[in-house]
Amino acid sequence: MNIEINLFKMKRTLLLFAFSILAFVSCKNAEEKAETATTSETPATLNEAKDGLETFKGEFISIEDGAILKVGNTIYAVHKDEMTEDLAKQVAPVKKEDFDMVPVIVRGTVSKKAEGAEGWDDIITIKQIVSVSDQPAEADIRIEDKKN
């Protein structure tokens with residue numbers, strides 16, 4: 001009987017030790033993941049540089065009425081100026097269809113739209129074009145007009 005009690009105590013001690021090690025390793029992994037998540041760049045914007053400009057990696061489209069930049073799940077209006085026109089010219093040969101969006105990386109500033117104005121809430125003013133993809137982005141939804 002004494003042997004059974006000692007075996008039970010040893011099993012219980014080993015089990016507690018194993019759970020303690022498992023809990024310690026899990027907490028350590030959680031801390032590392034949390035640290036990585038806070039220091040890594042977000043899909044919407046990359047870290048702000050010392051010059052006050054933010055870097056945006058998204059899909060750009062320009063049409064007659066305006067231009068937009070889709071960054072992750074956020075859509076920004078793009079302030080129409082020379083830089084936007086230059087980006088539209090660089091994107092034009094990449095597009096296969098009029099409404100193709102092209103992946104770009106740009107640097108600029110974000111401002112809020114004027115109160116009462118129509119359009120997107122956030123407006124990006126592009127200050128620098130970092131890169132333009134050589135292929136259009138995959139369409140989330142493609143609508144085709146089929147003629148019978």
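1. A residue is called buried here if its relative accessible area is under 20%, and exposed if that area is over 50%. Of the 148 residues of the protein chain, 23% count as buried by this criterion. The structure under review is a predicted model, and the points below should be read with that in mind.

2. The mean pLDDT of the protein chain is 74, and 60% of its residues reach 70 or more. Two stretches call for caution. Over residues 14-20 the pLDDT stays under 50, and the model shows 0 contacts beyond four places in sequence for them. Over residues 22-46 the pLDDT likewise stays under 50, with 13 contacts beyond four places in sequence.

3. The overall composition is as follows. The protein chain has 2 helices and 6 strands, and their order along the sequence is α-β-β-β-β-α-β-β. Among contacts between residues at least 6 apart in sequence, 60% join residues at least 24 apart. The protein chain exposes about 11,500 Å², of which carbon and sulfur atoms supply 55%.

4. Strand E5 (residues 102-112) has pairings with E2 and with E6. With strand E2 (residues 54-63), E5 pairs in the antiparallel sense over 7 bridges; in this pairing, Val106 of E5 is the bridge partner of Phe56. With strand E6 (residues 122-132), E5 also pairs in the antiparallel sense, over 9 bridges. There, Ile105 stands opposite Ser131 of E6.

5. Strands E3 and E4 form a hairpin with 2 residues between them, and Gly72 in the turn has a positive phi of about 65°. Their pairing is antiparallel and comprises 4 bridges, with Ile68 opposite Ala77 of E4. Strand E4 is also joined to E6: 2 bridges link these strands, which run parallel. Ala77 takes part here too, standing opposite Ile123 in E6.

6. Leaving aside residues up to four places away in sequence, Ile124 touches Phe56, Leu69, Tyr76, Ala77, Val78, His79, Thr109 and Val110. Ile124 and Phe56 are 68 residues apart in sequence, yet their C-alpha atoms are 9.4 Å apart in space.

7. Thr125, likewise in strand E6, has a relative accessibility of 15% and therefore also counts as buried. Beyond four places in sequence, the contacts of Thr125 are with His79, Asp81, Arg107, Gly108 and Thr109.

8. Which residues of helix H2 are buried? They are Thr84, Leu87, Ala88 and Val91. These residues lie on the same side of H2, because they cover an arc of only 100° around the axis. The buried residues of H2 pack against E2, strand E3 (66-71), strand E4 (74-78), E5 and E6. The face turned away from that buried side carries the exposed residues Glu82 and Lys89.

9. A side-chain oxygen of Asp81 comes to within 3.2 Å of the backbone nitrogen of Met83. Asp81 was mentioned above as one of the residues touched by Thr125 of E6.

10. The loop between helix H2 (82-91) and E5 contains Asp100. Is Asp100 buried or exposed? At 8% relative accessibility, Asp100 counts as buried. The side chain of Asp100 makes polar contacts with backbone nitrogens. A polar atom of this side chain lies 2.9 Å from the backbone nitrogen of Lys96, and the side chain also reaches the backbone nitrogen of Glu97 at 2.9 Å.

11. In summary, a reader may begin with E5 and its antiparallel pairings to E2 and E6, then turn to the parallel link between E4 and E6, and finally to the buried side of H2, which packs against E2, E3, E4, E5 and E6.

Key:
Residues numbered from 1 in each chain as written. Predicted model: local features only at pLDDT ≥ 70, side-chain atom pairs only at ≥ 80, totals over all residues. Heavy atoms only, no water. Pairing = 2+ DSSP bridges. Contact = heavy atoms within 4.5 Å. Buried < 20%, exposed > 50% of the residue type's maximum accessible area, 1.4 Å probe, protein only. Polar contact = N/O pair within 3.5 Å; in protein donor to acceptor, adjacent residues only side chain to side chain. Areas by Shrake-Rupley, 256 points an atom, 1.4 Å probe, with all protein chains shown as cover. Arc of directions from axis to C-beta. pLDDT = per-residue confidence, 0-100.
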